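Thanks for coming. I'll go through the ligand sites first and then a few parts of the fold.

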Amino acid sequence: DRFARVTPEDVAFFRDLLGEDAAVICGVDGAGDAAASDLEPFNEDWMHKYQGQTRLVLRPASTEHASGILRYCNERMLAVVPQGGNTGLVGGSVPVFDEIVVSMARMNRIHSFDDASGTLVLDAGCVLEVADQFLAERGHIFPLDLGAKGSCHVGGNVATNAGGLRLLRYGSLHGSVLGMEAVLPDGTVMDDLCTLRKNNTGYDLKQLLIGAEGTIGIITKLAVQCPQRSPAVNVAFFGIESYEKAQRAFREAKAQLSEILSAFELMDAKSQQLVHAVRGEKRPLEGDHPFYCLIETSGSNGDHDYEKLEKFLEDVMTNDVVADGVVAQDATQIKSLWGWRESVPECIGHWGGVYKYDVSIPLADMYSIVDDVKARVDEAGLLGDTDEFPVLGVIGYGHMGDSNLHLNIAVRRYDKAVERVLEPYVYEWIEKRKGSISAEHGLGLAKKPYIKYSRNDTMLGLMKQIKNLYDPNGIMNPYKYI
Ligand code: FAD
Ligand code: 2HG
Ligand code: ZN
């Protein structure tokens, strides 16, 4: 291997650099007695699918610490994996072998907030929900929300360019991240912590790190443009009889709710049956429908918004676009309706595992991949209700407003026979329709062999040039997609 192995001398250096005992979790022979169970949370991903063997976790508390770590690792040829909340879904946040984990959890300070411009400056290791709560108390909102908000870090969000539940309203992090401080692999601190909305002064280098998945540097601080929090929020949940009607509902929602529409999420019947099977709560609507969608509006005037929503509801109900629906009456019901959407990833993993495909497909074709994959898995004799079948459900849900579908194949056990039926079939299907094999989760380790289905050789070559320029020794998150 081209990387060095961590020695007791290396550990002594890191202990000295970081100062506190709590900053180093070490099970390196002769240098620390951390048990495998102390290291396990850093070695294993959220899905329990990827398992590394690190013996050393470093927890910097400052940019200087992060810079010192990388400078040393670069000189010593020690491989590094940056880690935020470890909620990533593509195996990017855990080591493949024994790479050093640099956990950002101690860099969790909020530095400043300007309520005139809405600019928030904070450490990369702040938990998304904590940042959003801080903003809520000041009448603002973080321009990103997702089911893992209680654990994921804003740095991890930016490193994956996470999309989430309200991208349709607030846009991508490529737009809302105004500034960034990052440490490059040789220890250089890239101070681009600009708090201005407009800044056309040459190359916008921070954009390279947004979505780079920790392959060219560690993000240490961020300046984020945060919108005003809408005082009036409404959520409606619909049962819909066909995908064609779901598309009509989306078009009507855009046309009639326009500026107050803040989310349009799609869930199929199977996803909701599985959430019900795990949580056992009363379902929002009677009976089963082939599709459900959750529509959220946020605006500044409750009466105005409610009037618009009511008119929209009346329209889609009387024109038979939706079959049934319910509107949340208070904040508790809003939370509960969102629960039927946000808990899908967690609930469908309940039986053993999930094969996940996070894809962008032109809207008209978006759901047909679920039907095609289901037919294929069924024909192969792999899908069924009893234990002898590895697959218990082929599920589609996701961010319909962004043409982003989550195709999930819920399994009782991971099985090569299932994999062979799914891959490369799914990727070829997407390539044919000019879709993307990763809409929002990134590539990590999971999608590394498949990048060619969405990027041509020229694009890959240009990416490699950038990687080699910033990280000539290749120490940053090696073995992953690049
Ligand atoms: P990690 O998982 O720790 O890391 C992710 C990647 O970023 C790794 O490659 C890591 O090396 C790198 N990284 C982390 N921190 C830094 C840093 N400071 N500097 C440089 N690199 C870094 N994603 C969506 O896009 N939309 C969703 O709706 C969504 N919902 C989710 C719901 C659930 C229940 C779960 C478990 C995940 C969901 N995700 C979603 C996946 C998403 O990628 C993560 O939740 C989140 O963006 C990752 O943040 P994290 O702090 O956990 O990063
Ligand atoms: C979501 O939208 C997440 O819930 C997770 O992006 C999707 O687990 C998945 O496939
Ligand atoms: Zn998603």
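When I say helix or strand, I mean a DSSP run, of H or I over at least four residues for helices and of E over at least two for strands, numbered from the N terminus. This is a predicted model, in which local features need pLDDT of at least 70 and side-chain atom pairs count only at pLDDT 80 or more, while totals for chains, interfaces and linings use all residues. Residues are numbered from 1 along each chain as its sequence is written, chains are lettered from A and ligands numbered from 1 in the order written, and side-chain values use heavy atoms, with hydrogens and water left out.

Start with ligand 2. Which strands each supply at least two residues of its shell? They are S15, residues 391–399, and S16, residues 404–411. The residues around ligand 2 include Leu89, Arg341, Tyr397, His399, His406, Asn408 and Glu440; a residue is near a molecule if one of its heavy atoms lies within 4 Å of it. By class, that shell has three nonpolar, four polar and three charged residues. Here Ala, Val, Leu, Ile, Met, Phe, Trp, Tyr, Cys and Pro count as nonpolar, Asp, Glu, Lys and Arg as charged, and the others, Gly among them, as polar.

Next, the polar contacts, meaning pairs of N or O atoms within 3.5 Å. Oxygen atoms of ligand 2 lie 3.0 Å from a polar side-chain atom of His406 and 3.1 Å from one of Asn408. For the side chain of Tyr397, the distance from an N or O atom to an oxygen atom of the ligand is 3.2 Å. The protein covers 88% of the 290 Å² of accessible area that ligand 2 has on its own, by the Shrake-Rupley method with a 1.4 Å probe.

Two of the residues around ligand 2, His399 and His406, also coordinate zinc, which is ligand 3. The donors are NE2 of His399, NE2 of His406 and OE of Glu440, at 1.9 to 2.1 Å. A donor is an N, O or S atom within 2.8 Å of the metal, or 3.2 Å for Na, K and Ca; water is not among the atoms, so the site may look incomplete. The spacing in sequence is H-x6-H-x33-E. Are these histidines buried or exposed? His399 counts as buried because its relative accessibility is 3%, and His406 is buried at 5%. The cut-offs are under 20% relative accessible area for buried, over 50% for exposed and partly exposed in between, with a 1.4 Å probe and protein chains only.

Now ligand 1. It is surrounded by 34 residues, and Pro82, Gly84, Gly85, Thr87 and Gly88 are the closest. A backbone N or O atom of Pro82 sits 2.6 Å from a ligand oxygen. For Gly164, a backbone N or O atom is 3.2 Å from a nitrogen atom of ligand 1. Strand S3 (80–83), H5 and S9 each give two or more residues to the shell, with the largest share, five residues, from H5.

Last, strand S7, residues 177–183, where seven of seven residues are buried. S7 runs antiparallel to S9, residues 218–225, with six bridges; strands pair if DSSP finds at least two bridges between them. Gly179 has Ala223 as its bridge partner in S9. S7 also pairs antiparallel with S8, residues 189–192, over four bridges, and there Met180 is partnered by Asp192. Five residues separate S7 and S8 in a hairpin, and Gly187 in the turn has a positive phi of about 95°.

How values were computed:
Polar contact = N/O pair within 3.5 Å; in protein donor to acceptor, adjacent residues only side chain to side chain.
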